[in-house]
Amino acid sequence: MSGEPANDIVIALEVDDAVLADRLATLLGGVAGLRLAAPGEQATAAVVARNREAAGAGDFELTPRELDVLALLAEGASNKMIAQRLGISVHTAKFHVGSLLDKLDATGRTDAVAHAARRGVINL
């Protein structure tokens with residue numbers, strides 16, 4: 001694309017709601033140093049907003065801390081590592097992991113990550 005700076009951040013919009021996608025495109029399109037990715041173009045960042053009901057995530061809500069713990073579980077972190085990274089006790093980390101397993105109806109840590117990925121809660 002000639003005439004555009006090579007150091008622009010290229011943003012891909014992955015938004016299920018067409019109205020929201022149009023609003024975001026309008027807002028982001030006017031920001032210096034950003035440009036929206038063309039169809040099929042590789043982006044350096046993405047804005048992802050999925051319809052929770054369509055993704056099957058409508059039957060539970062995760063707290064911001066549970067989302068932090070889930071991201072660390074996806075990296076393979078142990079309870080001790082989670083506690084260290086988040087500045088919480090190991091007991092609290094275990095509590096959050098247990099809460100995630102219950103909310104996601106998972107049989108274990110890997111199953112929780114798989115359920116969350118299938119439901120669109122996290123991207124792997």
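User: In this predicted model, at what angle do the axes of helix H2 and helix H5 cross?
Analyst: Helix H2 covers residues 64-74 and helix H5 covers residues 109-118, and their axes come within 9 Å of each other. Angles of 65 to 115 degrees count as roughly perpendicular, so H2 is roughly perpendicular to H5. The crossing is left-handed, and its angle is roughly 110 degrees.

User: Which residues of H5 make the contact with H2?
Analyst: By class, this contact has six nonpolar, no polar and one charged residues. From H2 come Leu70, Leu73 and Ala74, while the residues from H5 are Arg109, Ala112, Val113 and Ala116.

User: Is alanine 74 buried, partly exposed or exposed?
Analyst: Alanine 74 is found in helix H2, and, leaving aside its neighbours within four places in sequence, it is in contact with Val113, Ile122 and Leu124. Buried means under 20% relative accessible area and exposed means over 50%. Because the relative accessibility of alanine 74 is 36%, this residue counts as partly exposed.

User: Which strands stand at the edges of the open sheet?
Analyst: Three strands form the sheet in the order E2-E1-E3, with parallel pairing. Two of these strands have a single partner strand each, so one side of each is left without a neighbour in the sheet; they are E2 (34-36) and E3 (45-49).

User: In E2, what is the bridge partner of isoleucine 9?
Analyst: Strand E1, residues 9-15, runs parallel to E2 and is joined to it by three bridges. In E2, the partner of isoleucine 9 is leucine 34.

Notes:
Residues numbered from 1 in each chain as written. Predicted model: local features only at pLDDT ≥ 70, side-chain atom pairs only at ≥ 80, totals over all residues. Heavy atoms only, no water. Axes fitted to C-alpha atoms, helices over the stretch in contact; angles between N-to-C directions. Helix = DSSP H or I, 4+ residues; strand = E, 2+ residues; numbered from the N terminus. Parallel < 35°, antiparallel > 145°, perpendicular 65-115°, else oblique. Left-handed = near helix turned anticlockwise from the far one by under 90°. Contact = heavy atoms within 4.5 Å. Nonpolar A, V, L, I, M, F, W, Y, C, P; charged D, E, K, R; others polar. Buried < 20%, exposed > 50% of the residue type's maximum accessible area, 1.4 Å probe, protein only. Pairing = 2+ DSSP bridges.
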